[in-house]
Amino acid sequence: GSAAGIDLLLELFDSTITAHLLPLVRRPEKGRRKLKLFNPNAMADFESYVEDRGEALLKGKDASLKVREFQVGIGYLTYQVHADEKGRILRAWSPGNGMLAELEGFEGWIPEGVAPDGIEELEVEISGPAGKLAGTLSRPRGAAKVPAVLILSGSGPQDRHGNRVKGKGALEEFAAAAPDAGLYRELARGLSASGVASLRVDDRGCGKSDGEFARARLSDLQADGAAALVFLRARPDLGALGLIGHDEGALLGMGLLEKDSAVKALLLLSAPAGTLDEILLSRAERQLREQGMKDEALEDLIAGQKRVFAGILASGEDFMEIDERRIFVGWLRDRFKRNPGELLSRVKVPLAAFHGGKDRDIPPSHLEQLQKLRPDMETRRFEGLDHVFYTGDRQVSEVNLNALV
């Protein structure tokens, strides 16, 4: 409720939303408080709520700060607000429309909930092929020896929590920092609460990890995963090991199992059933049709893209000139050649696969294809959830977490 916080929100939201939001965060109460508000523009009442979600951390590059986190629902929009002990609003964003405002001096700070009672989170460093890999080991507090899983992240430069970040190595052109996702953190804490430890790691060249993400081949990322398994196996407080692979991480998990027979189980989240070129072409065609592109123009565009992909496959170079730009294609070629069906047929450990029914990155038809390849695999489709198993208010689904545990 400070002047700085009010000024921030006045710039971010229109006058109607500001008038409703500010009183809600000025007088917080524990738990969720339902309210009925009046919209003078529409001349109608509508439902709202404010929920005090407790302590959280805002983490910057070199510092962190304890804050209070609020979730505010106003009509069909949800707002996440972080305020410090002085009442200053440091960060506010609406996942529904992508608005993000940060108080000066707190740009790029990422919110992270404080670990619940009974869970300890340890900052760890792993010796990887390209230098240090930084991560978080979550485990039940006080437990003597527990099983553990390694969480393998999806494609693109990500930190240990599942946030898209700017990886070192000229990735800024396509990897802008985004609001907090937190899928891997929520998975880790759900597992720790059930007696299973987990390790999640910043991708090489991302967060606090060394290396250069921009030139990482799929084999390099798999080697990083192998190094993390060596780290886990060396800890006396951890027992049997399993893998959880999300998106591209599912492919990395299958590849690791080919060379590591000691891993006991694999869980696939939003796993692809086809090669990356097939996925990209199918996604492009679907999106362009939805935008109203005519068949003839669409066929020409897809044919041109196929020629580019064929050139990448035929070339033995890691860099190519495409549309007058020098692009690293080593990772793309690896993904074009990595066939999930072939990999899955060679996996000998117990398997399960989860998929969101509203996944537009890798549609749920991929889950059906994987199930045909491995009828012995347990599968779950969660209607209403997207690629990162978010609900409509952009929270990781409790139903999915409970099923995973």
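Predicted model: local features only at pLDDT ≥ 70, side-chain atom pairs only at ≥ 80, totals over all residues.
**Exercise 1.** Work out which strands pair with strand 4, and whether the residues on its faces are buried or exposed.

*Solution.* 
- Strand 4 and strand 5 (residues 89–94) run antiparallel and share 4 bridges.
- Look at the turn next: this hairpin has 5 residues between the strands, and Gly87 takes a positive phi near 90 degrees.
- Now go to strand 3 (residues 64–74), which is antiparallel to strand 4 and joined to it by 7 bridges. Here Ile74 stands opposite Leu77.
- Sort the side chains by face. In a regular strand they alternate between the two faces of the sheet. One side of strand 4 has Leu77, Tyr79, Val81 and Ala83, and the other has Thr78, Gln80 and His82.
- Check the cover: with buried meaning under 20% relative accessible area, 7 of the 7 residues in strand 4 (residues 77–83) qualify. Both faces are covered, then.

**Exercise 2.** How much space lies in the largest cavity, and which residues and elements line it?

*Solution.* 
- Count first: there's 1 cavity of 30 Å³ or more, and the largest holds about 260 Å³ of space.
- Go to the lining, which is made of 22 residues; Leu152, Ser153, Val201, Asp203 and Leu221 lie nearest the centre.
- Trace the elements giving two or more residues: strand 10 (146–152), strand 11 (197–201), helix 4 (218–233) and helix 5 (248–259). Helix 4 gives the largest share, 4 residues.

How values were computed:
Residues numbered from 1 in each chain as written. Heavy atoms only, no water. Buried < 20%, exposed > 50% of the residue type's maximum accessible area, 1.4 Å probe, protein only. Pairing = 2+ DSSP bridges. 1 Å grid on protein atoms, 1.4 Å probe; cavity = no way out; pocket = protein on both sides within 12 Å on 5 of 7 lines; lining within 4 Å. Points joined across faces, edges and corners; volume = space filled by probe spheres on them.
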